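Hi,

Here's the structure I promised to pass on.

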Amino acid sequence: MGRSYTVVGLAVALTLASVAGTAGTAVAQSGETVTITVAVRDSSGNPIGDAELDVEWDGGSATATTAGNGKAFVDVPEGAEVTVGVEHPRYVRTSPYVISEASEREVDVEVYPKSSVRLEVSDGDGPVEDAQVSIERGGLEITTGTTDASGVYESDVIQAGNYQLTVRKPGYYVRQKSLEIEGDITNRVSMRAGSVSVAVTVVDPHFDSPRTVDDARVNLTGVATSRTGPDGRTVLDTPVNVRTTLRVDREGYRGASRDVRIEEANASFTVEMSREPSLTIEATNERIVAGERAPVAVTNAYGEPASGVTITLDGDAVGTTDDEGELAVRIDEPGEHTLRANMDGVRSNEVGVEAIAPPSDATSTAASPTPSATATGTATTTETEATSPGFTPVIGVLALLGVAFLLRRR
């Protein structure tokens with residue numbers, strides 16, 4: 001013998017709102033109530049009695065219980081959007097039934113036998129703990145969870161039907177399969193571990209054609225570590241289906257990192273990394289004469305001329321380098337001085353230059369001899385120069401003439 005149920009309608013006063021637009025006018029509640037007949041049935045069309053209905057709309061709600069014929073009556077605001085949830089000891093509906101515009105009519109709400117699945121996940125060595133389980137239907141995720149220490153996952157109550165089962169865990173190939181769940185069932189899933197090759201090439205983008213960087217440390221966090229060879233490349237053996245951070249470091253370079261996902265095929269990545277900014281200053285002369293200029297040259301981290309760099313002398317800026325990375329710094333004060341280069345927060349090494357005082361302007365004059373009070377004379381001969389007796393210059397001339405006369409007569 002069937003039982004009858006009386007459903008008390010709830011009248012809810014709502015504010016009417018209409019929205020005018022070029023596309024039309026939105027439907028608004030009229031302020032009147034209408035009675036909706038909710039018929040709950042299983043997938044075969046059989047009525048389901050004793051189903052608890054939870055009916056909601058904007059600004060109100062109501063409850064009702066279906067009679068033996070599977071029907072219940074609910075009063076709701078006319079034109080309202082209404083959702084109907086169903087609770088039953090043996091049946092379930094995982095998503096509410098939606099009435100987009102309430103009116104005086106009967107609606108059929110389908111329910112399904114309550115079901116659940118127990119999954120036992122294992123590999124060749126035994127149970128697989130912390131495997132992620134997802135159960136979907138029609139592209140929607142119905143329930144999800146992870147396996148326990150025994151490799152077991154037990155779902156919530158779901159409605160009977162065909163589902164798509166996905167089981168995944170880092171280091172294992174993903175398992176997917178269709179599964180019909182009717183009532184409380186147990187299903188076993190076998191998983192297989194695997195790995196792939198991940199090639200990493202490290203380059204320096206500073207150059208027009210990026211150059212490879214050798215001896216860089218490549219780290220897939222928690223997975224594998226290696227170093228690049230002369231070609232800037234390395235290959236790491238990596239478990240499948242892992243999410244990790246790819247980190248590359250090398251002395252003198254800025255470290256580079258990024259999040260990566262390794263799936264079930266070999267992969268390759270190119271990582272760019274540049275040198276740490278640096279400046280190096282060199283002085284042509286370590287010693288100059290005060291008042292002269294000390295030429296300096298500045299290079300960057302790549303040994304290239306650094307132009308536009310500020311040069312300081314003993315902490316005070318004195319100029320900037322030219323396109324060749326050079327500047328001639330005038331040093332006026334004798335003594336030890338320090339030169340340094342600065343640019344965009346990067347400071348170079350220090351170089352020291354000694355400025356030597358120039359020689360005095362007084363000129364040295366050579367000393368002149370001083371005359372003595374008494375002049376020293378040259379000794380003279382007072383005696384008459386002796387001449388040979390009987391031979392005078394006149395006699396000599398006459399003798400020569402006589403000889404010449406005798407020679408002519410012959």
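Below is what turned up, from the whole chain down to two spots.

A bit of housekeeping: this is a predicted model, so local features need pLDDT of at least 70 and side-chain atom pairs count only at pLDDT 80 or more, while totals for chains, interfaces and linings use all residues. Residues are numbered from 1 along each chain as its sequence is written, and side-chain values use heavy atoms, with hydrogens and water left out.

The protein has 33 strands and one helix (DSSP runs, at least two residues for E strands and at least four for H or I helices, numbered from the N terminus). Of its 410 residues, 32% count as buried (under 20% relative accessible area, with exposed being over 50% and partly exposed in between; 1.4 Å probe, protein chains only). For contacts (heavy atoms within 4.5 Å) between residues at least 6 apart in sequence, 52% join residues at least 24 apart.

Now the first spot. Gly229 sits in the loop between strand E21 (224–227) and strand E22 (233–239). Gly229 counts as buried because its relative accessibility is 19%. Leaving aside neighbours within four places in sequence, Gly229 is in contact with Asp214 and Asp215.

With 56% relative accessibility, Glu104 counts as exposed.

Cheers
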